[in-house]
Amino acid sequence: MPVLIDSQDTHTPMEAALAQAWRSLHHTSPNPRVGCIITTADGQVLGQGHTQQAGGPHAEIMALRDAAAAGHEVRGATAYVTLEPCAHQGRTGPCCDALIAAGIGRVVASIKDPNPLVGGKGFARLRAAGVQVEVGPGAQESRELNIGFFSRMVRGTPWVRLKVAASLDGATALHNGASQWITSPEARADGHAWRARACAILTGSGTVLADNPRLDVRALPTLRQPQAVVVDSHLQTPPDALLFAAQRGVLIYTSSHQDTPFLQRQAALQARGATVVALPSPDGRVDLAAMLRDLGQRGINELHVEAGQRLNGALLRAGLVDELLLYLAPLLLGSGRGMTDLGPLETLAQGQALEFGPVERVGNDLRVLARLPGRAHF
């Protein structure tokens with residue numbers, strides 16, 4: 001029998017669809033995270049589903065299959081979906097056509113798809129087929145869940161989240177570089193969950209040389225590993241660096257050099273499977289803004305930054321960071337290496353203003369989300 005949604009339950013069909021969308025958090029990239037619930041007029045759930053890995057079925061198809069597997073007729077039913085049903089042929093067919101073919105009578109969608117290949121076309125095709133369409137419930141939640149997808153579609157660049165683990169007085173390491181471990185195991189596991197939702201993890205060559213990080217997800221099961229991205233002006237990344245161990249792509253952005261040692265280092269990195277991209281800025285470093293545009297063209301929705309204070313500062317000074325993910329340990333370290341190299345500043349007004357988001361306890365530490373003002377207004 002279909003599951004009946006209790007009228008006393010605070011979970012509306014759209015909230016249930018959003019819960020389905022959250023189940024796809026770690027594996028749909030570069031596609032958006034979408035959930036779908038199909039119900040009768042009196043709230044009986046006929047089918048539900050969420051978007052699978054890229055190239056797999058979308059949420060609407062999963063919900064239709066779920067209903068069919070249970071022997072439920074969906075003709076005349078309502079589909080609650082957290083994003084406009086797609087109207088284009090990609091690796092899968094248009095979801096709006098599948099809903100029409102199934103006889104769905106009403107579609108309630110959270111928000112219009114920002115993808116210019118869709119962008120209202122799905123709604124138009126549904127209405128032309130006589131399907132009633134409503135838009136709006138759950139719009140803010142759906143957009144936040146897909147903030148990277150919206151960023152890439154509207155701005156052409158990923159949503160940039162800069163992660164820092166530090167003591168309560170802002171030290172990320174001692175002067176000698178010792179930093180393992182400032183924060184708790186729980187905070188480190190939580191950080192891996194944020195890595196898992198990102199399309200790519202960015203660091204600098206200095207961090208690669210000093211820490212030899214893997215830049216992968218190990219604290220939780222994942223269907224895919226985020227791509228590793230290194231800012232490396234002089235191609236100092238060793239070909240035997242641990243970041244090559246995971247089965248995923250490695251992108252290295254460099255400035256343009258043509259001397260023999262540089263070309264030899266480039267060939268050695270390419271032999272390890274790295275893609276080396278030259279994007280020089282006038283000062284001989286990597287053009288960070290151009291790098292973000294290139295990452296957007298490569299389908300990167302969310303870029304998770306785990307770097308040192310120099311690259312952190314460079315990204316912030318260039319206005320390229322959208323959000324900070326801070327883990328603060330109940331520990332004082334005094335002078336040491338800081339979160340970001342922004343100074344020296346002459347006035348308080350020159351500081352980077354932030355807007356606090358959720359602050360939560362994770363293990364013994366605090367997790368602080370802080371967004372740069374206006375960054376999500378696109």
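Biologist: What makes Cys36 count as buried?

Modeller: Buried means under 20% relative accessible area, with exposed over 50% and partly exposed in between (1.4 Å probe, protein chains only). Cys36 has 0% relative accessibility, so Cys36 counts as buried. Do keep in mind that this is a predicted model, where local features need pLDDT of at least 70, side-chain atom pairs count only at pLDDT 80 or more, and totals for chains, interfaces and linings use all residues. Residues are numbered from 1 along each chain as its sequence is written, and side-chain values use heavy atoms, leaving out hydrogens and water.

Biologist: How many disulfides are there?

Modeller: A disulfide is a covalent bond between the sulfur atoms of two cysteines. The test used here is a pair of cysteine sulfur atoms within 2.5 Å, and by this rule the count comes to zero. Cys36 is in no disulfide, as the nearest cysteine sulfur, that of Cys95, is 8.7 Å away.

Biologist: Where does UniProt place the feature "active site"?

Modeller: The unreviewed UniProt entry places it at Glu60. UniProt positions are in the numbering used here, feature names are shortened, and annotations may be inferred rather than shown by experiment. Glu60 is found in helix H2, residues 59-69; helices (H or I, at least four residues) and strands (E, at least two) are DSSP runs, numbered from the N terminus.

Biologist: Why is Glu60 called buried?

Modeller: Its relative accessible area is 3%, so Glu60 is buried. Contact means heavy atoms within 4.5 Å, and Glu60 touches residues including Cys36, Cys86 and Cys95, not counting residues up to four places away in sequence.

Biologist: Which residues does UniProt list for "binding site"?

Modeller: The unreviewed entry lists Ser179, Leu215, Arg218 and Glu306. Leu215 has a relative accessible area of 2%, so Leu215 is buried.

Biologist: Why does Glu306 count as buried?

Modeller: Glu306 has 14% relative accessibility, so the label buried applies.

Biologist: What does the side chain of Glu306 make a polar contact with?

Modeller: A polar contact is a pair of N or O atoms within 3.5 Å; within protein, one must be able to donate a hydrogen and the other to accept it, and residues adjacent in sequence count only if both atoms are side-chain atoms. The partner is the side chain of Arg195, at 2.9 Å.
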